[in-house]
Amino acid sequence: MWSIMIVLSFLFNQCNFNNTSVYNRIKEYADQVRVIDAHEHQHWPEEFGDHQFTFYNLLAVSYLSADVCSAGAEGFDWDTMDTLSLDTLWAIYGEALDYTRGTSYYSQFVKGFWKLYGFSDLYFTRENLATLSAQIEENYKDYRTWFDEAFHKAGFELMFIDQFWKPFNTELDDNYFALVFHINPLVSSSSRKPEKGAELLSIYREADNEGYEISNLDDYLAFCDHLFKKNIENNAVCLKNSQAYSRTLFYENVPYEEARALYDKPSSRLTPAEAKKIEDFMFHWIIKKSIDYDLPIQIHTGYLAGNGNVLDNGKPVKLNNLFLQYPEAEFVLFHGGYPWTGEYTAFGKMFRNVYLDIVWLPQISREEAVHALDEMFDCVPYNKFFWGGDCGLIEESTGSLEYGKDVVAEVLSKRVQRGLLTEEVSFDIVDKIFRENAIKVFKLEEGLGRGD
Ligand SMILES: [Zn+2]
């Protein structure tokens, strides 16, 4: 009896050891990949205003802040934070922060500090934040130097930047970044034409500044085409639609004549259904342009960041008509469509021109990412996946990358253990997800290595 138990225990340990070592080899392999990060919102600190950056400012920018608010804390007021000590801030946020210690947002956020700051605790505490925050304050005195160091230490080669907060800016530092053309305002402003006395929406201000007069739909489209050309001149690699934050992803096919007539109506007299029709027309127009200009379209699907929104708006299945109507367009669906990971996966399987970017899914739920990615590998060829970080500052992007590699290594190592994959192919999958698929689909060869 004892001998059987000793043999069983040896086999169990052996099995665990093999599991761990396969995981470690895949993770180590992933650690040396120079990552093409297909989605970020990196800001320079001054874009948040004139503030001294402590741990709490990084927390306020992070996804984790939504969990802290969900746990019951007040929102983060930057001006007030400037005036408070770390101990006072802990007294305000510490309890709620502690309640988030189990979430993926939390552990992903911690991992960035493990990698970049030598922080080794599992949790933030009032005591360890004194040292960590002092390090942050020091680094943020010269953020450009710090960013460069952290960017390379984390393993990034290039980040695609979606500047939703300043969508008409086409200037980026190409040592680190590739431009993404954020198309939300082109769609949403089409039903909000300027009216006498009202403040101009930013796209109409932009048109004014560039000498474009817009009085009908053709004028509006001419300016939108100008924006396409301007983005392309600045090496835009793709388009981005994150409209699920404010409307449904179901875009009807509206004829040009109908949209033109509706555009002529004063926007304040449009019914919600009419406004939607103009906007639907615009996104179809944008898809046709994306085919002409050979630019893939990234689309937010599923779960919405922050606290409070209409979840159903981002259901991936609402996009089905577009995939059928535009076989020549290239669609990149984001975030695993969480919580609709199954229907998201089905589109990657059904359509040659639908790609899956697992960006942000590991941060939303690590375990769902593990489960969903395993299912995705069952269904979808691995030349169709990308990864992105989706964060505002370098620390969180680094945590996001560490987390993404951890999830991918776990799923692949289990598949190797189950005899579904060789280790060699698992390395190839890592290369494809974190680098090579992006180079191919977004046609990056020429721009790569500009910072070396
Ligand atoms: Zn994003």
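User: Which residues does Glu-210 touch, not counting residues up to four places away in sequence?
Analyst: Glu-210 touches Phe-223, His-226 and Lys-230 when residues up to four places away in sequence are not counted. Please keep in mind that this is a predicted model.

User: Where is Glu-210 placed?
Analyst: Glu-210 sits in the loop between helix H10 (202–209) and helix H11 (217–233).

User: And how far apart are the C-alpha atoms of Glu-210 and Phe-223?
Analyst: They are separated by 9.2 Å, and the two residues are 13 residues apart along the chain.

User: What is the relative accessible area of Glu-210?
Analyst: The value is 27%. Buried means under 20% and exposed means over 50%, so Glu-210 counts as partly exposed.

User: How far is Leu-420 from Asp-378 in sequence and in space?
Analyst: In sequence they are 42 residues apart, while in space their C-alpha atoms are 9.8 Å apart.

User: Now the strands. In what order do the eight strands of the sheet come?
Analyst: The order is E1-E2-E3-E4-E5-E6-E7-E8, in an open sheet with parallel pairing. At the edges are strand E1 (35–40) and strand E8 (385–386), each of which pairs on one side only.

User: How many bridges join E1 to strand E2?
Analyst: Four bridges join E1 to strand E2 (residues 156–162), and the two run parallel. Within E2, Leu-158 stands opposite Ile-36, and Ile-161 stands opposite Glu-40.

User: Are the residues of E2 buried or exposed?
Analyst: Seven of the seven residues of E2 are buried, so the strand is largely enclosed by the rest of the structure.

User: What about the pairing of E2 and E3?
Analyst: E2 and E3 pair in the parallel sense over four bridges. Here Ile-161 stands opposite Leu-179 in E3.

User: Moving along, how many bridges join strand E3 to E4?
Analyst: Three bridges join strand E3 (residues 177–182) to E4, and they run parallel. The bridge partner of His-182 in E4 is Lys-240.

User: Which way do the residues of strand E4 point?
Analyst: In strand E4 (residues 238–241), Cys-238 and Lys-240 point one way, whereas Leu-239 and Asn-241 point the other way. All four are buried.

User: And how do E4 and strand E5 pair?
Analyst: They pair in the parallel sense over three bridges, with strand E5 covering residues 297–299. Leu-239 stands opposite Ile-297 in E5.

User: Let us step back to the whole chain. How many helices and strands does the chain have?
Analyst: The chain has 19 helices and eight strands. Its radius of gyration is 23 Å, close to the 22 Å that the globule rule gives for 452 residues, so the chain is as compact as a globular protein of that length.

User: What does the C-alpha trace span along its principal axes?
Analyst: The span is about 85 × 55 × 45 Å.

User: How much of the chain counts as buried?
Analyst: Of the 452 residues, 56% count as buried. The chain exposes about 19500 Å², and carbon and sulfur atoms supply 51% of that area.

User: One last topic, the charges: how far apart are the mean positions of the positive and negative charges?
Analyst: The chain has 41 positive and 70 negative charges, and their mean positions are 5 Å apart.

Notes: Residues are numbered from 1 along each chain as its sequence is written. This is a predicted model: local features need pLDDT of at least 70, side-chain atom pairs count only at pLDDT 80 or more; totals for chains, interfaces and linings use all residues. Side-chain values use heavy atoms; hydrogens and water are left out. The radius of gyration is taken over C-alpha atoms; the globule rule is 2.2 Å times the number of residues to the power 0.38. Buried means under 20% relative accessible area, exposed over 50%, partly exposed in between (1.4 Å probe, protein chains only). Accessible areas come from the Shrake-Rupley method with a 1.4 Å probe; for residues, only the protein chains shown count as cover. Lys and Arg count as positive and Asp and Glu as negative; His and the chain ends are not counted. The place of a charge is taken as NZ of Lys, CZ of Arg, CG of Asp or CD of Glu. Two strands pair if DSSP finds at least two bridges between them. Contact means heavy atoms within 4.5 Å.
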